[in-house]
Amino acid sequence: MSASIIDGKALALTLRDTITQEIQTLPRTRGITPGLAAVLVGDDPASAVYVKNKKLACEKAGIYPQEHRLPASTTQENLLRLIVQLNADSRIHGILVQLPLPSHIDTKVILQAVSPEKDVDGFHPVNVGRLVEGDPVFVPCTPKGVIHMIDSTGEAIAGKRAVVIGRSNIVGKPVAMLLLHRHATVTICHSRTKDLPGVAREADIVVAAIGKAHFVTSDMVKKGAMVIDVGINRLADGKLTGDVDFDAVKEEAGWITPVPGGVGPMTIAMLLQNTLESAKRMAKK
Ligand code: NDP
């Protein structure tokens, strides 16, 4: 039997409706309009599309959007100056710096310059630490979306064997941490993992965040397992595909997320939610 599809697009739409409704009440109830500043350095086409989509989503939800585009030749000092300015701007409750940055800029220095109170991506070391301690303020958007998708199935996470493939700071590690806090038994796989297919086959939940089209094949998935595909890969014909061989794996899995229409839309919904939460926290102060 074919797996049930976890429809990220539909889930994200529902979430975005709820977020939009709440945002509409905020000027009246709290005297604020949430604001998000997106910073894009250089002209990487994929990054430009991501920023455009995030800005559009903000506009639709009633979030005040600011977009800052800097040329690829921008110096680190210039970028830092902009971030200091955004940290101090009371109209802005969330700052997102689109990655990757050009190689002459130290990404760590930039991410650490963003105020932890406005770090809606959850990449600042203070927020990473809070996440590890199990007391997060901002949960990174993609990992937060992954957990939301798992929860939407009604399946419990506690006690399950979870295998996360990929150990990046923005996806793999935070997803693993969130699953651990929800009492899964978690294994993180990476490029040096021995017998990765054997490890993955033990999983009740597989999260694929590798960046390689169709990496997860049906022989790597236990019958009935839940498979969450974070990957976004562009094929030679221009089509987008995930890290999971969807057509084959759906015959083994119990639940599966599609690409496109899976984790991607959830990531944007979570960004809106983090911005809303940030604005509410600041209004309280
Ligand atoms: P990174 O390139 O930072 O990390 C990839 C990870 O995959 C690394 O840990 C790497 O291992 C591991 N890996 C690579 N090749 C292999 C292999 N042959 N066997 C086992 N492990 C391997 O990627 P990201 O985490 O940033 O992104 C992963 C994917 O998710 C990408 O397709 C990206 O586009 C997508 N993405 C999607 C988002 C969304 O909103 N849906 C948001 C963010 C990312 P090692 O550490 O050993 O090198």
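**Domains.** I started with the spacing of the two domains: the C-alpha centres of domain 1 and domain 2 lie 28 Å apart. This is a predicted model, so I'm treating everything below as computed from it. For the bounds I noted 31-115 for domain 1 and 141-264 for domain 2.

**Second largest pocket.** Next I looked up the second largest pocket and got a volume of about 450 Å³. Its lining has 17 residues, and the closest to the pocket centre are Leu 111, Phe 123, Val 128, Asn 169 and Ile 170. I then checked which elements give two or more residues to this lining: they are α4 (107-113), α5 (125-133) and α7 (172-181). Where does the second largest pocket lie relative to domain 1 and domain 2? It lies between them, because both domains give residues to the lining.

Rolling a probe the size of a water molecule over the atoms shows where empty space is left. The largest cavity holds about 40 Å³ of space. Which residues line the largest cavity? I found Ile 95, Val 97, Leu 111, Val 114, Asp 119, Asp 121 and Phe 123. They split into 5 nonpolar and 2 charged, with no polar residue in the set. Two names were already in my notes: Leu 111 and Phe 123 are among the residues closest to the centre of the second largest pocket, and both also line the largest cavity.

**Ligand shell.** Then the ligand. I get 21 residues around it, the closest being Arg 167, Ser 168, Ser 191, Lys 212 and Thr 267. By type, the shell divides into 9 nonpolar, 10 polar and 2 charged residues. Which helix gives the most to the shell? Helix α10 (residues 263-284) does, with 3 residues.

- Ser 191 puts a polar side-chain atom 2.5 Å from an oxygen atom of the ligand.
- Lys 212 has a side-chain N or O atom 2.9 Å from a nitrogen atom of the ligand.
- Val 230 takes part through its backbone, where a polar atom is 3.4 Å from a ligand nitrogen atom.

How much of the ligand's 930 Å² does the protein bury? The 930 Å² is what the ligand exposes taken alone, and the protein buries 70% of that.

Most residues other than glycine have a negative phi, and most peptide bonds are trans. I noted these exceptions.
- The peptide bond from Leu 99 to Pro 100 is cis, with omega near 5°. I placed Pro 100 in the loop between β4 (94-97) and α4, and α4 is one of the elements I listed for the second largest pocket.
- The peptide bond from Val 259 to Pro 260 is cis as well, with omega near 0°. Pro 260 sits in the loop between β11 (255-256) and α10; α10 is the helix I noted for the ligand shell.
- His 183 isn't a glycine, but its phi is positive, near 75°. I found His 183 in the loop between α7 and β6 (185-189), and α7 also gives residues to the lining of the second largest pocket.

Conventions:
Residues numbered from 1 in each chain as written. Predicted model: local features only at pLDDT ≥ 70, side-chain atom pairs only at ≥ 80, totals over all residues. Heavy atoms only, no water. 1 Å grid on protein atoms, 1.4 Å probe; cavity = no way out; pocket = protein on both sides within 12 Å on 5 of 7 lines; lining within 4 Å. Points joined across faces, edges and corners; volume = space filled by probe spheres on them. Helix = DSSP H or I, 4+ residues; strand = E, 2+ residues; numbered from the N terminus. Domains from an automatic or database assignment. Near = heavy atom within 4 Å. Polar contact = N/O pair within 3.5 Å; in protein donor to acceptor, adjacent residues only side chain to side chain. Areas by Shrake-Rupley, 256 points an atom, 1.4 Å probe, with all protein chains shown as cover. Nonpolar A, V, L, I, M, F, W, Y, C, P; charged D, E, K, R; others polar.
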